[in-house]
Amino acid sequence: MNDKPPGGKIDIRSSEELLAYALAMEIEAVDRFTDLADQMEIHNNQEVADLFRKLAEIEGKHVENVNQASQGKQLPTLLAWEFDWASGESPEGGSLEDAHYLMQPWHAIELAMQGERHAVAFFRHVADTSSDKPVVQMALELVAEEEEHVALLETWQQRFPRPDDGWDDDPDPPAIL
Amino acid sequence: MNRNTACPHIEPRGYKSGVKPVWCPGCGDFGVLGSITKALSGLQIRPESTAIISGIGCSSRMPTYLSTYGFHGVHGRALSLATGLKVARPDLTVIATGGDGDGFSIGGNHFLHTCRRNTNMTYIVLDNQVYGMTKGQASPTTEPNWEKGKLTPSGTGINPFQPLVVGLASGANFIARCSSSDSNGTARTIMEAIRHPGFSMVQVLSPCVTFRPEQREWKKLVQPAPVEATSDAAQAARRLLTDKGLFTGILFRGSRPPYQPELKSSIENIAELEEEFCL
Amino acid sequence: MSRQSLSIALTGSGGSGVMTMGNMLLEAVAKAGWYGIMTRSAGPQIRGGEAAALIRVSNMPIESHDDSFDLVLAIDPASMGRFVAEIPLRPDSFVISDPQGGRRSSSLPESPAKVIDLPMKELAKSVKGGRPNMIALGAIASVIGLSETSIFAILKTMLESKGADALGASRTCVQAGFAAGADLLEFNTPQMQQDTDTQRWGITGNEAAGLGAVRGGVRFVAAYPITPATEVLEWMAGVLPSVGGVLVQAEDELASINQIIGASFGGLPSLTATSGPGLALMTESIGLAVCSEVPVVVLDVMRCGPSTGIATKTEQSDLNIALNGLHGDAPHLVLAPSSITDCVFTTQWAVHLAESLQAPAIVLSDQSLGQTRAIMNRPADITFMARRSVPAQSAGYVEENYTRYAIGDSGVSPMAIPGQPGGQYTADGLEHSQSGAPSSLPEDHLAQLDKRQHKISQFNYGEHWADIEGSGELAVISWGSTCGPIREALARMRDQGQEIRLIAIRLLAPERPSEMAAALVGVKRLLVVEQSHSRQFHRYLRAAYDLPDETRVLNRPGPLPFRPAEIMARLDDWGEGTGS
């Protein structure tokens with residue numbers, strides 16, 4: 001998880017730049033959820049795999065939304081490490097380390113929610129720090145969108161009880177390959 | 001870098017093969033896989049002009065997961081396969097990947113001599129200080145008092161291998177350390193390593209969540225090296241010998257010319273070679 | 001034309017220069033229009049040890065040494081004892097030795113040969129910068145009827161780089177030796193036919209194998225020095241750059257084999273050369289080449305084993321490891337040249353087969369082939385070149401749905417080469433599906449095992465799998481350098497009106513049961529000849545083929561070579577029940 005708040009450095013000066021950030025964030029989210037879905041599938045955790053697949057689909061729609069918003073605009077092309085994310089990683093792109101093969105839907109949603117919360121914080125920070133009015137406007141719209149995602153995930157999570165301690169116990173030892 | 005080539009731009013995911021990794025969820029190697037795709041995308045190298053070469057071990061599964069050419073060989077010999085390929089095909093981008101056991105134990109001799117030879121290729125070592133594939137034995141980089149290895153229940157009691165120090169002493173031309181938790185930073189360093197002429201080695205601290213779960217803490221412990229990369233080997237040696245193995249970044253950039261014989265025919269007909277035998 | 005030949009041994013120690021002298025003598029007889037061979041034999045010392053140059057010259061091409069030696073020139077008689085077993089003598093043989101050259105070996109008095117004194121050291125002392133080996137060279141030339149001028153010509157080409165003084169001193173010594181040799185002994189040199197029409201070569205088996213490899217298309221070699229294979233590498237290191245290739249001196253044999261697999265994966269036909277200890281180290285990765293279907297050639301110039309054994313001496317005891325040394329079910333090719341000339345052909349063929357079948361080929365040469373220099377007819381040019389099946393391409397792209405390890409009729413599936421767009425795959429030592437993705441499914445394992453076996457078994461190897469010579473109910477079967485003395489024995493028996501068949505196997509793996517059955521039609525008695533203590537070849541034959549009920553074995557370990565006469569004796573003995 002990106003534990004550090006997205007602070008300080010980012011100073012976005014045009015809506016094109018902000019859209020580039022938003023696009024990168026959503027693409028990385030698609031990639032991450034796809035990877036996680038693949039991982040769960042390989043480890044025979046189909047329920048969580050399906051959930052991650054669904055999340056990837058949703059993030060894919062967000063990519064489309066950003067692309068639509070970007071129509072007619074020339075976005076800057078930045079390499080992954082050229083984005084000035086506070087923690088070095090895209091708010092929705094990291095935290096593969098938190099996956100577990102026995103993880104349950106509750107964990108998956110928790111993991112997704114953390115990403116969305118980071119995204120909210122990120123856009124809010126942009127809105128707070130940018131001196132460009134259209135950027136501020138767009139950032140606030142994105143904050144609202146990401147908050148909707150958080151709210152949606154919260155309702156999803158209510159459907160699954162928080163797993164008890166020991167959810168990751170495996171009676172068998174690891175396999176030797 | 002050229003972002004306006006005739007070929008279509010390849011996103012990082014374009015370098016993935018679609019084969020789903022068998023690594024444990026949570027494993028650092030997923031992050032490194034992502035970093036490699038980002039680095040290749042950053043350079044916009046064609047997948048067909050790239051070869052990922054590995055030996056045996058969890059991280060040595062890497063080639064299968066990439067859309068480049070690949071070779072998953074036997075334990076410890078990735079650098080030899082890679083050397084043969086690069087010398088024979090200098091036009092290719094050759095990257096060897098593997099773990100600490102593959103590279104520094106069974107493949108230790110090749111590591112030394114590949115550094116010496118300084119062939120123009122990149123070596124990414126995903127170091128988790130344990131043999132994961134065979135159920136968690138101590139590796140060359142394991143700390144001496146780690147008591148969970150079943151073959152060394154009282155700890156190894158022996159000095160851990162210092163890959164970067166040994167690499168420097170043996171002649172590696174580019175030396176860096178990264179953390180798998182810093183996927184973008186690792187990607188950038190790998191890109192720099194590929195660009196740098198000669199043999200480049202990148203040690204990536206990549207936690208084994210199954211046998212070394214405590215390594216999840218690495219992401220909090222690593223920090224960027226407080227100094228810029230040096231091209232002075234003596235200075236690099238002093239730094240590497242005194243850091244605690246948790247400084248990340250490019251630590252040494254050498255300037256030795258790479259080993260690459262010219263493969264150019266100078267005779268018309270092989271029969272010319274036979275003249276020396278004629279009486 | 002009947003065979004006439006002359007066998008000469010030159011022995012010495014401690015810098016006496018017998019090898020230089022032997023090379024000059026061979027060069028001189030070659031220039032005089034004769035054929036010949038020279039085998040080196042040496043003690044374990046790097047410098048200053050005992051050395052012998054074993055030379056045989058003949059009016060026709062020869063592949064082995066004779067039963068005994070006609071003439072021994074011992075520059076340093078003390079050194080001769082070491083070679084008593086390797087230099088059999090007759091009562092009418094001559095040993096020319098230096099009376100002041102040190103104590104004669106205790107074994108020498110047992111020799112039936114006549115010993116003649118020639119004070120080589122003393123004669124050399126009278127010349128400033130003179131050397132006894134040049135005295136000896138002059139004396140031998142004179143005894144066997146070579147002209148003084150022919151030796152001078154050789155001196156000029158071989159010693160020019162040492163300067164005028166050294167050349168002058170050598171000439172003076174040769175002159176002195178020539179004069180001393182003139183009335184040294186009565187020796188009837190056989191009449192040698194001068195053959196000037198045929199293009200002849202002077203070449204060692206190791207060079208010949210290297211040449212075969214280059215002719216076959218090998219452009220990448222990685223290797224670690226090892227006796228007695230090093231000369232293959234030295235020759236190839238010299239020539240590969242001129243044909244756009246390269247030799248990499250690797251850090252060990254594990255690196256060598258893996259570097260050539262890497263280079264071959266990259267599209268360059270590749271080879272390594274080694275000897276038994278190195279082959280043992282390489283076996284795991286030869287299995288990798290089997291599984292990943294990457295063509296490579298491994299040339300093993302065999303020496304006495306096991307372990308370090310006798311590094312400088314010949315033996316046919318790597319047959320087992322070459323055939324069966326790989327773990328798992330790992331079909332591969334094993335070939336063996338049966339003469340120095342054949343080192344060119346068999347190595348070239350091995351490259352062709354490896355490339356065609358995308359499989360490793362082990363070529364078993366040995367020290368006696370590799371380190372023997374022969375004056376022989378130029379080997380014929382062969383047409384096949386390395387041929388590797390590559391995927392079909394359209395508009396520069398490998399066709400869609402390319403499947404690296406696809407199951408097809410021949411078992412050979414097209415191999416994409418890095419750089420070809422659309423052909424990307426991962427070569428794998430893990431069992432894999434047709435796409436190359438790792439698989440532990442039993443059906444994938446079976447399918448790929450079948451594929452790899454099928455491509456090797458079904459290939460049409462034509463008549464090259466063995467040389468079948470002669471006919472008759474009595475046959476000899478052998479392989480490798482042992483075929484040399486057998487061929488001579490059979491030729492002599494043929495001259496005496498006895499017809500005996502020879503089956504000299506060139507392709508040891510895969511087995512060729514129907515071809516072997518055809519070769520054995522009409523054979524009632526079969527003699528197996530091999531240079532292995534544990535009868536590796538006989539065991540192999542029994543496992544792979546149906547042999548006649550009356551099958552006997554003539555075997556012994558290295559390093560002593562078989563002599564034509566002992567093979568004849570074993571065949572003559574056949575009816576008397578004294579065989580093994």
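## Strand β3 of chain C

C:Ile8 stands opposite C:Ile55 in β3(C), and C:Met38 also stands opposite C:Ile55. This is a predicted model, in which local features need pLDDT of at least 70 and side-chain atom pairs count only at pLDDT 80 or more, while totals for chains, interfaces and linings use all residues. Residues are numbered from 1 along each chain as its sequence is written, and chains are lettered from A and ligands numbered from 1 in the order in which they are written. Helices (H or I, at least four residues) and strands (E, at least two) are DSSP runs, numbered from the N terminus.

Two strands pair if DSSP finds at least two bridges between them. Strand β1 (residues 5-13) of chain C pairs with β3(C) in the antiparallel sense over nine bridges. Strand β2 (residues 35-42) of chain C is joined to β3(C) by eight bridges, and these two also run antiparallel.

Strand β3 (residues 50-58) of chain C has nine of its nine residues buried, so it is largely enclosed by the rest of the structure. A residue is buried if 20 or more other C-beta atoms lie within 10 Å of its own, exposed if 12 or fewer, and partly exposed in between, with C-beta atoms placed from the backbone. From β3(C), C:Glu50, C:Ala52, C:Leu54, C:Arg56 and C:Ser58 point one way, while C:Ala51, C:Ala53, C:Ile55 and C:Val57 point the other way; all are buried.

## Domains and a helix of chain C

Chain C is assigned domain 1 (5-182), domain 2 (202-377), domain 3 (389-459) and domain 4 (463-576). Such bounds come from an automatic or database domain assignment. Taken over C-alpha atoms, the centres of domain 1 of chain C and domain 3 of chain C are separated by 58 Å.

Helix α17 (residues 564-572) of chain C has C:Pro564, C:Ile567, C:Met568, C:Arg570 and C:Leu571 buried. These residues cover an arc of only 160° around the axis, which puts them on the same side of α17(C); the arc is that of the directions from the helix axis to the C-beta atoms. The buried residues of α17(C) pack against β19 (474-479), α14 (483-495), β22 (525-530) and β23 (550-555) of chain C.

## Where chains B and C meet

Two residues are in contact if their C-beta atoms, placed from the backbone, lie within 7 Å. Among the two pairs of chains that touch, the most contacts are between chains B and C. Chain B brings 44 residues to this contact and chain C brings 51 residues. On the side of chain B that touches chain C, the elements that give two or more residues are β1 (50-54), β2 (69-72), α2 (78-88) and α4 (108-117) of chain B. The most come from α2(B), with eight residues.

This side of chain B has 22 nonpolar, 15 polar and seven charged residues. Here Ala, Val, Leu, Ile, Met, Phe, Trp, Tyr, Cys and Pro count as nonpolar, Asp, Glu, Lys and Arg as charged, and the others, Gly among them, as polar.

An open sheet of nine strands, with mixed pairing, has the order β7(B)-β8(B)-β5(B)-β6(B)-β4(B)-β3(B)-β1(B)-β2(B)-β17(C). At the edges stand β7 (223-224) of chain B and β17 of chain C, each with a single partner strand, so one side of each is left without a neighbour in the sheet.

Strand β17 (residues 426-428) of chain C runs parallel to β2(B), and three bridges join them. C:Asp428 is the bridge partner of B:His72. Elsewhere in the sheet, β1(B) and strand β3 (residues 93-99) of chain B pair in the parallel sense over five bridges, with B:Ile52 opposite B:Ile95.

## Chain A and its neighbours

Chain A has four helices and zero strands. Its C-alpha trace spans about 55 × 35 × 30 Å along the principal axes. With 177 residues, a compact globule would have a radius of gyration near 16 Å, and the 17 Å of chain A agrees. That radius is taken over C-alpha atoms, and the globule rule is 2.2 Å times the number of residues to the power 0.38. Buried residues make up 42% of the 177 residues in chain A.

In the contact between chains A and B, 24 residues of chain A meet 25 residues of chain B. On the chain B side, α1 (28-43) and α6 (183-195) each supply at least two residues. This side divides into seven nonpolar, ten polar and eight charged residues. No contact joins chain A and chain C, whose closest C-alpha atoms lie 10 Å apart.
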